[in-house]
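Good morning, everyone, and thank you for making time for this. Please keep the picture open while I talk, so that you can look up each part as I name it.

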Amino acid sequence: MEGGGTGAAATATIAGGRVAGIRVTNQGASYTSAPTVAITGGGGAGATGTAVLGLTINLQPKAIQELFELDYGRMNATLGVELPFTNAGIQTTIPLGYIDPATETLTDSVTPGPVIAGDGTQIWKITHNSVDTHAIHFHLFNVEVINRVGWDGAIRPPDANELGWKETVIMNPLEDCIVALRPTAPSLPFKIGDSIRPLDPTMPVGAPIVVTNPADGLPITVTNALTNFGWEFVWHCHLLGHEENDMMRPMVFQVSPAAPALALAVAAPAPALGAVGAAAASPAATPPLPIALSWVNKATVPKVTNFFIQRSIDSAFKSDIKSFNVGANVTTLTDTTALPYKTYYYRVRAENNISYSAWATSNAVTPGMTLTIRAGARTLRLHRFVTLSGSLSPAGGQTVAVYMKAPRSSRWVQIANRALTSGTSWKYSYRPARRGTYRFYAAYGTVQSSVISVGVR
Ligand SMILES: [Cu+2]
């Protein structure tokens, strides 16, 4: 039951006392993984082998054609695509220029070893409908010529000088040239983002432009939208007059992980009240106001290796930028360094070792609470009451906690919980029992007032 299928068989050939080759005599059926190869008989020992599963990859129909441009009637060669299923009433070839929607999308072949399904391998059948031979050049990756098929049905193997990987391939008239490719991103000491640009860079973003619909070859009016071309490479004819006259098409190499979906950043003070009399923490120098971010990882392939987050005080992220980096499995961030009543923007992107996604940007968020404390008098005589008051804003029925540090004491103690009166303010009276300097502050969750001192004589 190895590999899930049945029926596969092979015979071995021997040369010089060694197994020199394995010839598959029956391919079997229904294998879902490579079965174990057992080499038996023959009087020898130690020979081993591995099986490779057969794979079906659909040809991607591309096209070369020579037509006549509409300005001066000059002959104009371009690239394009072929419709795979046509009849006598439908044109087969769809010529495409550089601004027409991209039809070549490639993924990074990160899977080592033999070709398997979904590893980025593509086979292109480039149908040449015209009369001139073109030197078709591929950026980013080399291709392997599998064969050529003439329109008379004759199959021609690659020439002796074009075996192996080539960056430029001869494409002859009235011939299909079939090439295999498997692009792999280089490893880099830095990260490169995607090419995000308007479809037609000579026109304003948002303007209506007329392009050719790659699905049916008909003109279609679309918005000149900012479009993600991944790592944008090209394939083109290397004859200068041809490539300069639009015989070139973009190739979208998808290296960056998909952008995450960022949830709205929310100010989140925790309104927990301690017990009166309990020891308390010292007040922080800058009262923190946590802002909670969360996002959803949308990337599958390529995978995420880390998320990069930025905070700024302007929506263009030009000033006062603070950056955060978290791991691939982390989808939340609590920023405890935001100041009250300042407006912030956050953005997050998914990264891998060599690239990164577009930003997902939050709405503006303003961490919105301040707490104040005042004393009726900063100095007073022993056994008189210290009158404390303050306000919380914005307020709505909350209760604040009041803390005190007595003279010559090193610890803070919670002395009261005071509900807001008249909506926003609170009051509390305390009667010192000895001389010296008393210190007070108030807190609502993580929102803290400053510290005030009162001297008792
Ligand atoms: Cu050419």
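Predicted model: local features only at pLDDT ≥ 70, side-chain atom pairs only at ≥ 80, totals over all residues.

Let us begin with the overall division of the chain, which is split into domain 1 (2–50), domain 2 (56–255), domain 3 (261–361) and domain 4 (370–456). If we take the centres over C-alpha atoms, domain 1 and domain 2 are separated by 40 Å.

As a general background, nonpolar side chains in soluble globular proteins tend to be buried together. In this model the largest nonpolar core has 29 residues, and those with the most contacts inside it are V169, C177 and V179. The strand that gives the most to this core is β15, residues 175–181, which supplies four residues. Which residues is C177 in contact with, once we leave aside its neighbours within four places in sequence? They are I126, H128, V145, R148, V169 and M171. Apart from this core lies another, of 21 residues, and among them are V400, W412, W426 and Y444.

Let me turn to the sheets.

A second open sheet has four strands, in the order β27-β26-β29-β30, and here the pairing is antiparallel. Its edges are β27 (322–327) and β30 (360–361), and since each has a single partner strand, one side of each is left without a neighbour in the sheet. Strand β29, residues 345–351, pairs with β30 in the antiparallel sense over two bridges, and R347 has T361 as its bridge partner in β30.

Finally, consider G327, which lies in strand β27. Is G327 buried or exposed? G327 counts as exposed, because it has 10 C-beta neighbours inside 10 Å, and the cut-off for exposed is 12 or fewer. From G327 to A225 there are 102 residues in sequence and 32 Å in space, C-alpha to C-alpha.

Definitions and conventions:
Residues numbered from 1 in each chain as written. Core = buried A, V, L, I, M, F, W, Y, C linked by C-beta atoms within 7 Å. Buried ≥ 20, exposed ≤ 12 C-beta atoms within 10 Å, placed from the backbone. Contact = placed C-beta atoms within 7 Å. Pairing = 2+ DSSP bridges. Domains from an automatic or database assignment.
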